[in-house]
Amino acid sequence: MAAATFLTRLIGVSGVPIHRAWALRVIALVPVAAFAVLVSASLELRPNAWFRWAVVGLGGWLSWRGAPTWAAIGGGLAAYLIGTALVR
Amino acid sequence: MSLLVYAGGAQFTAVRLAGQGAAAGLLVVTAALINLRHVLYGLSLAPHLRTARPVLRAAAAFFLVDESYGLTQRASVEGRGGPAYLLGAGTALYLAWNLGTELGIAFSALLPDPRVIGLDLVFPLTFAALLAPLLRQTANRQVAAVAFAAGMIAVPALPGGLGFLAATLVGMLWGLRTHD
């Protein structure tokens, strides 16, 4: 399992240089598509899940406004803790 | 397993499969499938790692996980990324992952449900924060929207990491289509 996991990482890192324009364009889209899927995979389509969506949206908005990654995460977590404390 | 494999999704799946009596070969194939996204990550970072010696590149590759990729990719856009950055971020995450695993095992009975205190939100918050600056380009917004929607459908529907891989590829292909 360790070897299989390591190989998937090594193959990409050691890949041959890519020069074709369309391939470079596809590779440039990896972070955009992958990060979007990583966010969506952690959220659920349930009526009472809206607050979690809002918290994640807040983190994204903070980053959009120029906050560093740690501040966006911290801001989102603080909003979640304050929000849930107010509801209780 | 955490020390040698260092891949959260593959580890969780392997433990579940092993508990069901799955053969060792199935665990290996499943781990490879779940981690296929790392090939895409590696290809994406390869231009920033090309100057590194093969040994350093291989060492950096060991630490290539979702989070270290995200941080290194963002740093590369800002002109700070490279093999040393990936190695540093990866080592820090590796230590935190294994320390957290040990603490979790030792104190699991004392810890509250992570969902109650919002700890499970750290993962989507991290990637929302890494994604947001990339959305300043209109074309990227479309790609993210398509990949997000595809992820909502494919990730719960397909086993292992195939849903993640399929949704990512759908988003990338959409971007390629709209670019031409």
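Predicted model: local features only at pLDDT ≥ 70, side-chain atom pairs only at ≥ 80, totals over all residues.
Good morning. In chain A, the axes of helices H4(A) and H5(A) approach to within 8 Å and cross at roughly 150 degrees. The angle is over 145 degrees, and that makes H4(A) roughly antiparallel to H5(A). The crossing of H4(A) past H5(A) is right-handed.

A residue would need 20 or more to be buried. Between the C-alpha atoms of A:Trp61 and A:Gly76 the separation is 9.8 Å, and these two residues are 15 residues apart along the chain.

Let me turn to confidence. The model has an ipTM of 0.89 and a pTM of 0.80. For chain A the average pLDDT is 88, and 98% of the residues score at least 70. Within chain A, confidence is highest in helix H4, residues 50–64, with a mean of 95. It is lowest in helix H2 of chain A, residues 21–28, where the mean is 82. Chain B has an average pLDDT of 86, again with 98% of the residues scoring at least 70. In chain B the lowest mean, 76, belongs to helix H1, residues 8–19, and the highest, 93, to helix H8, residues 138–157.

Now to the contact between the chains. How many residues of chain A are in contact with chain B? There are 47, and they touch 62 residues of chain B. On the chain A side, H1, H2, H3, H4 and helix H5 (69–87) each supply at least two residues. The largest share of that side comes from H3(A), with eleven residues.

Helix H3 of chain A, residues 30–40, is mostly covered, since eleven of its eleven residues are buried. Among them are A:Val30, A:Pro31, A:Phe35, A:Leu38 and A:Ser40.

We can look at one pair of helices across the two chains in detail. In general, two packed helices are described by the angle between their axes and the distance between the axes. For H1(A) and H4(B), the angle is about 130 degrees and the axes are 8 Å apart. The two helices are therefore oblique to each other. H1(A) passes H4(B) in a right-handed crossing. The residues of H1(A) that take part are A:Phe6, A:Arg9, A:Leu10 and A:Val13, and they meet B:Arg57, B:Ala58, B:Ala60, B:Ala61 and B:Phe62 in H4(B).

Which residues of helix H4 of chain B are buried? In this helix, residues 54–62, they are B:Arg57, B:Ala60 and B:Ala61. Viewed down the axis of H4(B), the buried residues fall within an arc of 105 degrees, so they line one face of the helix. What covers them includes helix H1 (2–13) of chain A, together with helix H3 (37–49) and helix H6 (83–107) of chain B.

Thank you for your attention.

Definitions and conventions:
Residues numbered from 1 in each chain as written. Chains lettered and ligands numbered in written order. pLDDT = per-residue confidence, 0-100. Helix = DSSP H or I, 4+ residues; strand = E, 2+ residues; numbered from the N terminus. Buried ≥ 20, exposed ≤ 12 C-beta atoms within 10 Å, placed from the backbone. Arc of directions from axis to C-beta. Contact = placed C-beta atoms within 7 Å. Axes fitted to C-alpha atoms, helices over the stretch in contact; angles between N-to-C directions. Parallel < 35°, antiparallel > 145°, perpendicular 65-115°, else oblique. Left-handed = near helix turned anticlockwise from the far one by under 90°.
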